[in-house]
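These are my notebook entries on a structure that I am opening for the first time. I look up one place after another and write down what I find.

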Amino acid sequence: MTPTATIEPALLALLHVKLRLFYECSEQAARAPKQVEFAKQREDQYRHKLETTTQQLQELRRKAKDKQNELGTREAQVKKMQVQRDGAANNKEYAMLGDNIQATIAANEVLGVELFELLEQIDAMVQQEKSAADVLGKSVAETKSTMEQTSSAVKKLEQELARLEGELDELFRKVPPELRTELQRKRPALREKTVTPVDDGACSSCWQMITPQMRSALLMKHPILCPACGALLFMPPA
Ligand SMILES: [Zn+2]
């Protein structure tokens with residue numbers, strides 16, 4: 001870089017805009033697969049919810065079956081005791097069997113209420129299972145469409161990135177070769193700030209204030225690199 005070399009701020013402003021576009025696209029391309037990841041995570045949550053609901057339903061059905069069996073057994077006991085009571089040998093035995101029958105019937109009523117409650121819980125759980133399956137179905141479809149959209153979006157972004165890289169190449173070719181090499185070397189770290197305007201008297205990449213000497217050199221269109229971050233500075237066109 002010779003001290004007399006000049007560089008048009010308009011070229012640098014254009015480079016800055018194209019660099020910004022390039023890295024915006026590149027970030028979008030990086031974010032796109034995350035949308036698919038989020039959709040898959042949601043899908044997994046809904047699948048887990050459905051599995052849990054199905055397990056709870058199975059557990060309730062098992063409990064209801066046990067209770068039904070118990071009720072059946074105890075109703076059979078009542079019938080057996082009634083037969084025994086009809087053949088009771090004496091009043092004492094008759095009265096005792098009668099008490100047992102009463103107690104068993106009372107217990108069976110409690111069992112019946114419990115069974116009824118269980119059956120109601122099962123009905124509600126069947127609805128929950130159905131809606132959990134619906135939600136999962138929708139989520140599976142959403143993941144699929146997100147994957148399709150993402151893949152086409154990424155393809156478009158990759159085309160856009162290739163196009164912008166071509167434009168950047170053209171623009172960088174207008175920069176003196178020595179400076180161009182240095183900027184290309186810094187670009188992976190500085191990204192869109194590789195070429196950056198002076199903003200409010202400071203480098204808009206690292207916010208180091210520029211000196212009056214730098215300012216006059218910039219006004220004479222001399223290439224000035226920020227001494228702090230290495231960005232190529234320019235005065236934004238008025
Ligand atoms: Zn800087």
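I began with Lys-186, which sits in helix 3 (residues 177–190); helices here are DSSP runs of H or I with at least four residues, strands are runs of E with at least two, and both are numbered from the N terminus. The model is predicted, so I note that local features need pLDDT of at least 70 and side-chain atom pairs count only at pLDDT 80 or more, while totals for chains, interfaces and linings use all residues. Residues are numbered from 1 along each chain as its sequence is written, and side-chain values use heavy atoms, with hydrogens and water left out.

Is Lys-186 buried or exposed? Lys-186 counts as buried, because its relative accessibility is 14%, and the cut-offs are under 20% relative accessible area for buried, over 50% for exposed and partly exposed in between, with a 1.4 Å probe and protein chains only. Leaving aside neighbours within four places in sequence, I found Lys-186 in contact with Leu-225 and Gly-230, where contact means heavy atoms within 4.5 Å.

I recorded Cys-206 as partly exposed at 32% and Cys-229 as partly exposed at 23%.

Next I followed the strands, which form an open sheet of four in the order 2-1-4-3 with mixed pairing; two strands pair if DSSP finds at least two bridges between them. Strand 2 (202–203) and strand 3 (224–225) are the edge strands, each pairing on one side only. Strand 1 (residues 195–199) pairs with strand 2 in the antiparallel sense over two bridges, and Asp-199 stands opposite Ala-202.

Which residues of helix 4 are buried? They are Met-214, Ala-217 and Leu-218, and they fall within an arc of 100° seen down the helix axis, so they line one face of helix 4; the arc is that of the directions from the helix axis to the C-beta atoms. These buried residues pack against strand 1, strand 3 and strand 4, whereas Pro-212, Gln-213 and Leu-219 on the other side are exposed.

Last, I looked at the largest nonpolar core, which has 22 residues, with Leu-183 and Val-195 among those that have the most contacts inside it; such a core is a set of buried Ala, Val, Leu, Ile, Met, Phe, Trp, Tyr and Cys residues joined through side-chain atoms within 4.5 Å. Helix 1 (9–86), helix 2 (91–172), helix 3 and strand 4 (232–234) each give two or more residues to this core, and helix 1 gives the largest share, nine residues.
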